[in-house]
Amino acid sequence: MKKLLLLLALPLVFAACNKEKGDFGDYPSLILGTWLVNDVDINLEAPTLPAEAKTALNELITGEMDYDGATMEFKTNNIVTDSDGDGNYYISGNKLTIVPGGGSVDDEEAMPFTIKTLNKSELVIVLDVLPMLSAMADDEDFAEIAPFIDKFEITMTGSRQ
C-alpha cells in the first residue's frame, strides 16, 4: 500500500517541481516588444537624512528621470532601446539586468531590476538603488549621504504598446 501511495504521489511532486522551476520561464519571450512607461515611483527611506539633503536628492532623481511618454523596446537579440539609445538586457529567473550602452551583467553600469509583474499587457520592475550608491562611493556627494539611506528603490510600471 505504501508503494502504491508513493507511486501515486510521485507525479504530483514532479509537477510541483516543474511548475516552480518554470514560473519565470516565459519572461524572455513575454518581455519582447515595446512598453510605454506609465509610472515611475521612487521609494526613498532615509529618516535620519537632513530634510534639505533629502529634498535635493529627490529633485536630482526626478530631474534625471523624464519618462513622460517614454518607451522601452526589448528586441530578440538582447538589445533594449529607449530614449537614451541602445543597451543590452539579460533575464535570469525574475531578474532583468539592463546595461546602458551595451555590455555584460558584470559591468559597473549594469542595472539589476527585479521583475514584479510581467504578462502580455503589464510590466512592473524594481531597481534597488542602494547597492549602486555604494559603487559611487568615489563621488563625494553620494559618499556623504549613503550612510543615511535605509531603502532606495525605483519602481517602473509599463504597458505594452
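This is a predicted model: local features need pLDDT of at least 70, side-chain atom pairs count only at pLDDT 80 or more; totals for chains, interfaces and linings use all residues.
Let me start with V126, which is buried, at a relative accessible area of 10%, where buried means under 20% relative accessible area, exposed over 50%, and partly exposed in between, with a 1.4 Å probe and protein chains only. V126 lies in strand β7, and strands here, like helices, are DSSP runs numbered from the N terminus, with at least two residues (E) for a strand and at least four (H or I) for a helix. Not counting residues up to four places away in sequence, V126 touches P112, F113, T114, K116, E153, I154 and T155, a contact being heavy atoms within 4.5 Å. From V126 to M156 there are 30 residues in sequence, but 6.4 Å in space, C-alpha to C-alpha.

Residues are numbered from 1 along each chain as its sequence is written, and side-chain values use heavy atoms, with hydrogens and water left out.

Now the overall picture. The protein has five helices and eight strands, and along the sequence they follow the pattern α-α-β-α-β-β-β-β-β-β-α-α-β. The eight strands close into a barrel in the order β1-β2-β3-β4-β5-β6-β7-β8, with antiparallel pairing, and the twist averages 35 degrees from one strand to the next, as an angle between N-to-C directions, on a scale from 0 to 180 degrees, of axes fitted to C-alpha atoms. Two strands are said to pair if DSSP finds at least two bridges between them. Of the 161 residues of the protein, 27% count as buried.

Which residues have the most contacts inside the largest nonpolar core? They are F74, L96, I98 and I149, in a core of 29 residues, where a nonpolar core is a set of buried Ala, Val, Leu, Ile, Met, Phe, Trp, Tyr and Cys residues joined through side-chain atoms within 4.5 Å. Among the elements that each supply at least two residues of this core are β1 (33-45), β2 (71-74), β7 (122-128) and α4 (130-135).

I would like to stay with F74, which counts as buried because its relative accessibility is 2%. Strand β2 has a covered face, M72 and F74, and an uncovered one, T71 and E73. On one side, β2 pairs with β1 in the antiparallel sense over four bridges, and G33 stands opposite F74; β2 also pairs with β3 (residues 79-82), antiparallel over two bridges, and there F74 stands opposite V80. In the hairpin of β2 and β3, which has four residues between the strands, N78 takes a positive phi near 60 degrees.

Finally, the aromatic rings. Rings of Phe, Tyr and Trp (its six-membered ring) pair if their centres lie within 6.5 Å, and planes under 30 degrees apart count as stacked, over 60 as edge-to-face and the rest as tilted. By this rule there is one aromatic pair, formed by F74 and Y89, edge-to-face, with 5.0 Å centre to centre and 90 degrees between the planes. This pair links distant parts of the chain, F74 in β2 and Y89 in β4 (residues 85-92), 15 residues apart. Y89 is buried as well, with a relative accessible area of 4%.
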